[in-house]
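Work through these exercises with the structure open beside you. Try each task before you read its solution.

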Amino acid sequence: MTREVDADKRATLRRFAALGAATPLAAGGRARAAADGDDDSAARDAIRGYLATTPGAHFSKLRDDLSLATGETQHHLKRLESAGEVISQKDGDYRRYFPAGRFSAFERRALGYLRRETPRGMVLGLLREPDASGADLARALDVSRPTVSTYAGELAEAGLLDTEEGYRVARPEAVIALVVRYADSFGADAVAFADDAASYISYDG
């Protein structure tokens, strides 16, 4: 059983390491690893690749999806942050990780909320039906009205929702672009939305 687990871990790391090795910042990281005699560069390449496809993942998800130990994950993330390749930010009880220099503050906040099931459902629902009410969202998501109100307040504070007259997604085109680009990492609801994304985009002129 241990051999099977180790084999699965190596396969997972190899898959994401192939992506990580192709990232613009990877060359400098590998040069530092070689200089340090560091034999863990494959794990860091895997983290680079994982974050390239799953930006905004929180610590536990990254650790579990890459089959890494907690201490191992902490060690590699600390090295990558110190090298300026990865940045992190607090999101409630989570700490989320992103490739450095790739996303604006708005995009990082949006990615964080898109990785949470109910806020993501609310955002996708409002992108589909801009006139949807809080009650409409609660019914569609099978959550309570107070739950919708709570998350609406958080989304508004984060600058992702305009609540002056009902609920409106702020900068909808930017949010749609993130959903479409990273749909596979969000879940089936985002994939279904991405398949019809063109119909939700407004064009001027």
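This is a predicted model: local features need pLDDT of at least 70, side-chain atom pairs count only at pLDDT 80 or more; totals for chains, interfaces and linings use all residues.

Residues are numbered from 1 along each chain as its sequence is written, and side-chain values use heavy atoms, with hydrogens and water left out.

**Exercise 1. The whole chain**

Task: State how many helices and strands the chain has, and what share of its residues is buried.

Solution. Start with the elements: the chain has twelve helices and five strands. Helices (H or I, at least four residues) and strands (E, at least two) are DSSP runs, numbered from the N terminus. Next, burial: 42% of the 205 residues count as buried. Buried means under 20% relative accessible area, exposed over 50%, and partly exposed in between, with a 1.4 Å probe and protein chains only. Last, look at contacts, meaning heavy atoms within 4.5 Å. Take those between residues at least 6 apart in sequence: 57% join residues at least 24 apart.

**Exercise 2. Helix H7**

Task: Check the length of H7 against its residue count, and find which of its residues are buried.

Solution. H7 covers residues 117-128. The expected span of a helix is 1.5 Å times one less than its number of residues. For the twelve residues of H7 that gives 16 Å, and the end C-alpha atoms are 16 Å apart, so the two agree. Now burial. The buried residues are Thr118, Pro119, Arg120, Gly121, Met122, Val123, Leu124, Gly125, Leu126 and Leu127. That is ten of twelve, so H7 is largely enclosed by the rest of the structure.

**Exercise 3. H7 against H10**

Task: Describe how H7 and H10 pack, and which residues make the contact.

Solution. Two packed helices are described by the angle between their axes and the distance between the axes. H10 covers residues 172-181; its axis is 11 Å from that of H7, at an angle of about 120°. Axes are lines fitted to C-alpha atoms, for helices over the stretch in contact, and angles run from 0 to 180 degrees between N-to-C directions. Angles under 35 degrees count as roughly parallel, over 145 as roughly antiparallel, 65 to 115 as roughly perpendicular and the rest as oblique. The pair is therefore oblique. H7 gives Val123, Leu124 and Leu127 to the contact, and H10 gives Pro172, Val175, Ile176 and Val179.

**Exercise 4. Arg115**

Task: Find where Arg115 lies and what it touches, leaving out residues up to four places away in sequence.

Solution. Arg115 is in the loop between helix H6 (105-114) and H7. Its relative accessible area is 15%, so Arg115 is buried. With those close neighbours in sequence left out, Arg115 touches residues including Thr53, Pro55, Arg96, Tyr182 and Phe186. Now compare sequence with space. Arg115 and Gly187 are 72 residues apart in sequence, but their C-alpha atoms are 8.9 Å apart.
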